[in-house]
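Subject: Handing over the structure

Hello,

I am passing a structure on to you with this email, together with some notes on what was found in it. Please open the structure first and keep it beside the text while you read.

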Amino acid sequence: MAISLQKNKPLSLAKENSGLKNIIAGLGWDQASVGGQKVDCDVSVFMLGANGKLPEEAFFIFYNNLKSPDDAVKHLGDNRDGLGDGDDESILIDLSKMDSRVEFLYFAVTIHESESRGHHFGNVMNSYINIRNSNDNTILCQYKLEEAFDHQDSVIIASLSRNGGEWHVEGLGQAFAGGLGTLIELYQ
């Protein structure tokens, strides 16, 4: 049974899953339309060093850069409307290939063209992140984003962090305004 993550309470992925190396981060949300336009959420990953910054620009994984230089993180592509059941966008992660400079993975969900379309996370319902064991697709843990975040268009939904050789996952739910550009400035 999947563990429900609580905001700001890290959980070791290795405790219950010895030898875990390959995971899937699946993000989902319900389809929504505002002003006749579908709300388009995008998932990205910031692979950060101990200093909280990208070691290189190529460690920012999103719909225009689908693979990290170390081949550890692969984005499976863009979903523009949240239509359908299950995860809307997924990211494959091979923890054994992770560049030694990377200490944190921050998972961000942003709303495409939010400012021009007047979209924000108050329009998005049932957002979540699932962390799955990619060997058998079982959900190891899930974090549901329960806050509305009206007038915010970006959310750092969760993180993975190295801790003494083990990887921990944590639900964050930190909202921002300013779109993906604001987050890129923060982590460059």
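This is a predicted model: local features need pLDDT of at least 70, side-chain atom pairs count only at pLDDT 80 or more; totals for chains, interfaces and linings use all residues.

Residues are numbered from 1 along each chain as its sequence is written, and side-chain values use heavy atoms, with hydrogens and water left out.

The chain as a whole

The protein chain has 2 helices and 14 strands, where helices (H or I, at least four residues) and strands (E, at least two) are DSSP runs numbered from the N terminus. Of its 188 residues, 49% count as buried; here buried means under 20% relative accessible area, exposed means over 50%, and partly exposed lies in between, with a 1.4 Å probe and protein chains only. If you look at contacts (heavy atoms within 4.5 Å) between residues at least 6 apart in sequence, 68% of them join residues at least 24 apart.

Salt bridges

The structure holds 5 salt bridges, each being a side-chain nitrogen of Lys or Arg within 4 Å of a carboxyl oxygen of Asp or Glu. In one of them Arg 101 pairs with Glu 56, with the closest N and O atoms 3.0 Å apart. Because Arg 101 sits in the loop between strand S9 (89-94) and strand S10 (104-111), and Glu 56 in the loop between strand S6 (41-48) and strand S7 (60-61), this pair ties together parts that are 45 residues apart in sequence. Arg 101 is partly exposed at 37% relative accessibility, and Glu 56 is partly exposed with a relative accessible area of 37%. Arg 101 also forms a salt bridge with Asp 99, where the closest N and O atoms are 3.1 Å apart, and Asp 99 is buried, with a relative accessible area of 18%.

Elsewhere, Lys 74 and Asp 71 meet through their side chains in a salt bridge of 3.9 Å, N to O. Lys 74 is partly exposed at 32%, and Asp 71 is partly exposed at 26%. Salt bridges that share partners join Lys 67, Asp 71, Lys 74 and Lys 97 into one network.

The cavity

How many cavities of 30 Å³ or more are there? The count comes to 1, if a cavity is taken as a set of points, on a 1 Å grid over the protein atoms alone, where a 1.4 Å probe fits but cannot get out, and lining residues are those with an atom within 4 Å of a point. About 30 Å³ of space lies in the largest cavity, the volume being the space filled by probe spheres set on the points, which are joined across faces, edges and corners. Its lining is made up of Leu 27, Gly 28, Trp 29, Cys 41, Val 109, Phe 121, Val 124, Ser 127, Tyr 128 and Ile 157. The elements that give two or more residues to this lining are strand S3 (22-28) and S11.

Single residues

Met 125 is found in the loop between helix H1 (114-117) and strand S11 (127-133). Leaving out residues up to four places away in sequence, Met 125 touches Trp 29 and Asp 30.

Ser 154 lies in strand S13 (residues 154-163). Is Ser 154 buried or exposed? Ser 154 is buried, with a relative accessible area of 0%, and, apart from neighbours within four places in sequence, its contacts include Val 109, Phe 121 and Ala 175. Ser 154 and Ala 175 are 21 residues apart in sequence, yet 5.6 Å apart in space, C-alpha to C-alpha. A polar contact of 3.1 Å joins the side chains of Ser 154 and Asp 153; a polar contact is a pair of N or O atoms within 3.5 Å, of which, within protein, one must be able to donate a hydrogen and the other to accept it, and residues adjacent in sequence count only if both atoms are side-chain atoms.

Ser 12, in strand S2 (residues 11-12), counts as buried at 10% relative accessibility, and its side chain is joined to that of Glu 166 by a polar contact of 2.8 Å.

Best wishes

Terms used:
On a 1 Å grid over the protein atoms alone, a cavity is a set of points where a 1.4 Å probe fits but cannot get out, and a pocket is an open set with protein on both sides within 12 Å along at least five of seven lines; lining residues have an atom within 4 Å of a point.
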